[in-house]
Amino acid sequence: MLRTSWTPGPAAASGPVLVSVTDFTSDRLRDLPGIYRAGRQLSRLWPTLDGAVGHWLWVEPSRRRTGSVSLWRGEDAMHGFVGLPVHRQIMRTYRGRGRIRSTTWTATDPDPREVWRRASEFLRLPR
């Protein structure tokens with residue numbers, strides 16, 4: 001699995017945060033580059049997103065999988081991102097081209113290594 005470096009957002013990284021992990025498996029390998037580019041497009045918005053603490057993008061090309069691990073000040077911040085027109089358009093484009101799963105949890109004063117370890121456990125679970 002390959003992952004990007006940590007991309008910080010404008011919100012403080014201390015205190016309780018909502019962690020969101022997404023895992024998308026594409027039906028076709030040829031869709032993976034476009035899906036990854038769309039994720040990078042969203043990543044460029046990160047410094048301007050209210051309540052965004054930071055994120056990593058990840059990809060596992062041999063298994064046609066890609067996703068993110070993101071930290072938010074709370075559910076309202078995450079839902080604000082999910083509701084962005086650009087995010088909704090990306091989801092409409094790719095939703096029918098694979099399978100998505102996700103999970104969230106609250107972390108108190110998160111350690112990035114611990115967040116990534118727990119996210120990795122979820123990503124290793126059988127689909």
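Okay, let's start with the pocket: the lining of the largest pocket splits into 15 nonpolar, 13 polar and five charged residues. Here Ala, Val, Leu, Ile, Met, Phe, Trp, Tyr, Cys and Pro go down as nonpolar, Asp, Glu, Lys and Arg as charged, and the others, Gly among them, as polar. Before I go on, this is a predicted model, so to speak of local features we ask for pLDDT of at least 70, and side-chain atom pairs count only at pLDDT 80 or more, while totals for chains, interfaces and linings use all residues. Residues are numbered from 1 along each chain as its sequence is written, and side-chain values use heavy atoms, with hydrogens and water left out.

Back to the pocket. How many residues line the largest pocket? There are 33 of them, with T22, S68, H87, M91 and I100 lying nearest its centre. Strand 3 (17-26), helix 1, strand 4, strand 5, helix 2, helix 3 (85-94) and strand 6 are the elements that each give two or more residues to that lining. Helices (H or I, at least four residues) and strands (E, at least two) are DSSP runs, numbered from the N terminus. The space in the largest pocket is about 730 Å³. On method: with a 1 Å grid over the protein atoms alone, a pocket is an open set of points where a 1.4 Å probe fits, with protein on both sides within 12 Å along at least five of seven lines, and lining residues have an atom within 4 Å of a point. Grid points are joined across faces, edges and corners, and the volume is the space filled by probe spheres set on the points.

Now the aromatics. We pair rings of Phe, Tyr and Trp (its six-membered ring) if their centres lie within 6.5 Å, and planes under 30 degrees apart are stacked, over 60 edge-to-face, and the rest tilted. That rule gives five aromatic pairs. Take W46 and W72: their ring centres are 4.9 Å apart and the planes sit at 55°, so this pair is tilted. It links distant parts of the chain, 26 residues apart, with W46 in the loop between helix 1 (32-43) and strand 4 (52-60) and W72 in strand 5 (residues 65-72). Both W46 and W72 are buried, which for us is under 20% relative accessible area, with exposed over 50% and partly exposed in between (1.4 Å probe, protein chains only).

W46 also pairs with F81: centres 5.6 Å apart, planes at 70°, so edge-to-face. F81 belongs to helix 2 (residues 75-82), 35 residues from W46, and F81 is buried as well as W46. Elsewhere, ring pairs join W6, W56 and W116 into a cluster.

What lies over the face of W116? That's R3, at 4.4 Å from the ring centre. R101 lies over the face of F122, at 4.2 Å from the ring centre. The test there is NZ of Lys or CZ of Arg within 6 Å of the ring centre and within 35 degrees of the ring normal.

A52 is in strand 4 and is buried, with a relative accessible area of 0%. A52 touches G9, P10, A11, W46, L71 and W72, leaving out residues up to four places away in sequence; contact means heavy atoms within 4.5 Å. A52 and A77 are 25 residues apart in sequence but 6.8 Å apart in space, C-alpha to C-alpha. E60, also in strand 4, counts as buried at 14% relative accessibility. Setting aside neighbours within four places, E60 is in contact with M1 and R65.

Is D50 buried or exposed? D50 counts as exposed, at 69% relative accessibility, and it lies in the loop between helix 1 and strand 4. Its C-alpha is 8.6 Å from that of F81, 31 residues away in sequence.

On backbone angles: most residues other than glycine have a negative phi. R64, though not a glycine, has a positive phi of about 60°. R64 is in the loop between strand 4 and strand 5, partly exposed at 28% relative accessibility.

Last one, T106, in strand 6 (residues 98-107). T106 is exposed, with a relative accessible area of 55%, and touches P16, V17 and L18, not counting residues up to four places away in sequence. T106 and E75 are 31 residues apart in sequence and 9.9 Å apart in space, C-alpha to C-alpha.
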